[in-house]
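Take a look at the protein shown here.

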Amino acid sequence: MKTTTVPVPADWPTTEERARAVQDELRLRVVLDEPGPPPGTGYVTGVDVAYDDERDLVVAAAVVLDAAILDVVAEATAVGRVPFPYVPGLLAFREIPAVLAALDALPVPPGLVVCDGYGLAHPRRFGLASHLGVLTGLPTIGVAKNPFTFVYEEPGARRGSAAPLMAGAEEVGRALRTRDGVKPVFVSVGHRTALDTACAHTLALTPEYRLPETTRRADALCRRALKEATA
């Protein structure tokens, strides 16, 4: 496994005002009129991060799976200093440099990228999945563990049941049941993917567990890499 050391980019935002201005600028480049790659084909990549706050470190992991059989094809990690303070709604600015470095270190193209977080289901409609998609040009989706600040009606109890995730009258994602009788996950479009496709990918990636295999593998890898980096 290759681990990359990440410097903080020279022009990286350092204030909330500048970060929000960057969000406003990049949000205009989100592509919402492409269906995205069909589920079960090509590669699909999970990304996740882990932090050591005492050492001011962030580790990102990228794990590529064969979408048809969910076997690991490639993986990479990156470690660096946390480049931005903790501010709700601006978490991508803490994670993007390390995630980009991990993706760049992969020996194969990532295909669809699945983020443990949000895309359009974000107060400024520009969560990590959208930010990452715009910067890389890759199709991206967000699959989150909770609905953030949005509301939804409980979907049916059976796997595959779904309900709109709403911001007022706007559908920003979907609450999707991936296991019978288990709490749903919250799927949103990031970039170059439709919501129906994002949900289909999420179901294809959850044959046994509530969370996608992409997220589970990336979470385990970044935790292991953080442990090694701080040993």
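## A threonine in a loop

This is a predicted model. Threonine 193 is in contact with Val31, Glu34, Pro35, Gly36, Leu112, Pro139, Thr140, Ile141 and Ala198, leaving aside its neighbours within four places in sequence. The residue sits in the loop between β10 (185–191) and α4 (195–204).

Is threonine 193 buried or exposed? Its relative accessibility is 0%. Buried means under 20%, so threonine 193 counts as buried.

## The nonpolar cores

The largest nonpolar core has 37 residues. Val47, Leu103 and Leu132 touch the most other members. Two or more residues each come from α1 (16–27), β2 (43–52), β3 (57–66), β4 (72–81), α2, β5 (112–115) and α3. Which element gives the most? That is α2, with eight residues.

Valine 47 has contacts of its own to list. Not counting residues up to four places away in sequence, valine 47 touches Ala61, Ala62, Val99, Leu103, Val113, Val114, Cys115, Asp116, Leu132 and Ala218. Another core, of 29 residues, lies apart from the largest one. Its members include Ala50, Leu112, Val114 and Leu221.

## Two packed helices

Helix α2 covers residues 92–104, and helix α3 covers residues 128–136. They pack at about 45°, with axes 10 Å apart. The two helices are therefore oblique to each other. The crossing of α2 past α3 is right-handed.

On the α2 side, the contact is made by Ala92, Phe93, Glu95, Ile96, Val99, Leu100 and Leu103. On the α3 side, Leu128, His131, Leu132, Leu135 and Thr136 take part. Nine residues of this contact are nonpolar, two are polar and one is charged.

Note on methods:
Residues numbered from 1 in each chain as written. Predicted model: local features only at pLDDT ≥ 70, side-chain atom pairs only at ≥ 80, totals over all residues. Heavy atoms only, no water. Axes fitted to C-alpha atoms, helices over the stretch in contact; angles between N-to-C directions. Helix = DSSP H or I, 4+ residues; strand = E, 2+ residues; numbered from the N terminus. Parallel < 35°, antiparallel > 145°, perpendicular 65-115°, else oblique. Left-handed = near helix turned anticlockwise from the far one by under 90°. Contact = heavy atoms within 4.5 Å. Nonpolar A, V, L, I, M, F, W, Y, C, P; charged D, E, K, R; others polar. Buried < 20%, exposed > 50% of the residue type's maximum accessible area, 1.4 Å probe, protein only. Core = buried A, V, L, I, M, F, W, Y, C linked by side-chain atoms within 4.5 Å.
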